[in-house]
Amino acid sequence: MGAPPFLTPEQRARALAKAKESRKARASLKLRVKNQELSIADVIRLSSEDEVIAKMRVLELVESIPGVGKIRAKAILERLQISLTRRIMGLGRHQIEALTKEFTIPKATQRGKLLVLSGPGGVGKSTVAKALRSSSALHVSVSATTRKPRFNEVEGIDYHFLSPEEFEEAVARNEFLEWAEFAGNRYGTPRRAVEDALDAGESVLLEIEISGARQVKEKMPDAILIFLEPPTWEELVSRLEGRGTDSPERRAARLSLAQEEMAAASFFDKVLINEEVEKVVASLIELASV
Ligand code: 5GP
C-alpha cells in the first residue's frame, strides 16, 4: 500500500462526514433486513443503484439476517465459496443465485383438509366414499379391518384385510390414526397414507364409525366431522334389513347400534342428509375446497 493521500482539513472533514453517512445508511439497511422488510434478493437489486449498498460486505449483510448471526454467516459464506471480504458489488452471478436460494423459504404447500364422514351404519357412507373415490376429487383413505371380505370387495381398494394378529401388531406399532371395534371386528385408519396426502396438499376423506371420528377430532382438531343422516329412520331400517351381505344376527346388532349412533350427531361439525348420493358428494367436495 502506498503512502496515504494528503488531505486538506476540508477534504478530511468531507471524507469523515461521508463515512459517517455510509455507516448510517448501512446500519439502517441492516435493520430493515433484520426486521424482514428486505430480503437478500431485494438488497442485491438495490445495490445496482446505491453505492453504499454495493460496497457493503456480503458477510455483514448475511449476519444481519434474523437467526443467522456471526458464526453461521461465516459458515454459510464458506460453504457457498464466497470470500469473507467479498463486497456485494463483487458477487458473481452464481454466487448471487446461491445466496438468494439459501435464504428463500420455499412456499409451504398448504396442507389438505381432513374430512371425516361418519354416521349410523347403513346410512350410505360407503356408497358416498365409493363415489368420491371414483371422482378422484379427494384422497379417500383405505381402512384396515379384521372383517372378512364381502364377495364384492377388493383388497387394497375397499379395505386392507388383516388377520386379528396383524391388526394387533399394527396397533402396537402405533400405525393407526384411530381404530375401533365395531360389531365384533376391528377397523383402523392407517396414519401414514393420510399424513402423506395431507402434506402433499391433498384433502382426505375418512369414512369411519363414530368413536373413530371422536378420536380423530381429539388428535387433529382441524378435522371437519360430517355426520351423514338418513332422510328418515324408516329408510335406515329398510336399508339395514335389505342388506343381503349380512347375516340376520348381524343385521339385528347393526340396527340396535344404529339407534345409539343416531344420538351422537351433536359433536359433529356438520350434518348432511343422504337424500341423494350426488348431492352429498358435491357438498363434501365443496367442504374440502373452502
Ligand atoms: P363395514 O363392515 O360395513 O364395511 O363397516 C362397518 C363400520 O366400520 C362402518 O360404520 C364404517 O364406517 C366403519 N369403519 C370403516 N373403516 C373404519 C376405520 O378405519 N375406523 C373406524 N373407526 N371405523 C371404520
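Author: Let us begin with one pair of residues in this predicted model. T145 stands opposite F161 in strand 4.

Reader: Which strands does this pairing belong to, and how many bridges join them?

Author: Strands of a sheet pair through backbone hydrogen bonds, either parallel or antiparallel. In this case, strand 3 (residues 144-145) and strand 4 run parallel and are joined by two bridges.

Reader: In what order do the strands of that sheet lie?

Author: The sheet is open and has four strands in the order 4-3-6-5, with mixed pairing.

Reader: What is the strand order in the five-stranded sheet, and how are the strands paired?

Author: That open sheet has the order 2-7-1-8-9, and its pairing is parallel. At its edges are strand 2 (139-140) and strand 9 (270-273), each of which pairs on one side only. Strand 1 (residues 114-118) and strand 7 (residues 204-207) run parallel and are joined by four bridges. As an example, V116 has L206 in strand 7 as its bridge partner.

Reader: Which helix lies across strand 1 and strand 7?

Author: Helix 13 (residues 277-289) lies across both of them, and also across strand 8 (224-229) and strand 9. The angle of helix 13 to strand 9 is about 155°.

Reader: How should I describe the packing of one helix on another?

Author: Two packed helices are described by the angle between their axes and the distance between the axes. Take helix 7 (residues 125-135) and helix 13: their axes come within 10 Å and cross at roughly 60°. That angle makes helix 7 oblique to helix 13. The crossing of helix 7 past helix 13 is right-handed.

Reader: Which residues of helix 7 and helix 13 meet?

Author: From helix 7, T127, V128, A131, L132 and S135 meet V277, V280, V281, L284 and I285 of helix 13. This contact of helix 7 with helix 13 comprises eight nonpolar, two polar and no charged residues.

Reader: Why are helix 11 and helix 12 described as roughly antiparallel?

Author: The axes of helix 11 (residues 233-241) and helix 12 (residues 248-262) cross at roughly 155° and come within 10 Å. An angle over 145 degrees counts as roughly antiparallel, and helix 11 and helix 12 are therefore described in that way. Helix 11 passes helix 12 in a right-handed crossing. In their contact, W233, L236, V237, L240 and E241 of helix 11 meet R251, R254, L255, A258, Q259 and M262 of helix 12. By class, the residues of this contact of helix 11 with helix 12 are seven nonpolar, one polar and three charged.

Reader: At what angle do the axes of helix 2 and helix 6 cross?

Author: Helix 2 (residues 40-47) and helix 6 (residues 93-102) have axes that cross at roughly 145° and come within 9 Å. Here I40, A41 and I44 of helix 2 meet I96, L99 and T100 of helix 6. The contact of helix 2 with helix 6 has five nonpolar residues, one polar and no charged.

Reader: Finally, what domains does the assignment give?

Author: The domain assignment gives domain 1 (12-104) and domain 2 (109-289). Their C-alpha centres lie 55 Å apart.

Key
Residues are numbered from 1 along each chain as its sequence is written. This is a predicted model: local features need pLDDT of at least 70, side-chain atom pairs count only at pLDDT 80 or more; totals for chains, interfaces and linings use all residues. Side-chain values use heavy atoms; hydrogens and water are left out. Axes are lines fitted to C-alpha atoms, for helices over the stretch in contact, and angles run from 0 to 180 degrees between N-to-C directions. Angles under 35 degrees count as roughly parallel, over 145 as roughly antiparallel, 65 to 115 as roughly perpendicular and the rest as oblique. A crossing is left-handed if the near helix is turned anticlockwise from the far one by less than a right angle, and right-handed if clockwise. Contact means heavy atoms within 4.5 Å. Ala, Val, Leu, Ile, Met, Phe, Trp, Tyr, Cys and Pro count as nonpolar, Asp, Glu, Lys and Arg as charged, and the others, Gly among them, as polar. Two strands pair if DSSP finds at least two bridges between them. Domain bounds come from an automatic or database domain assignment.
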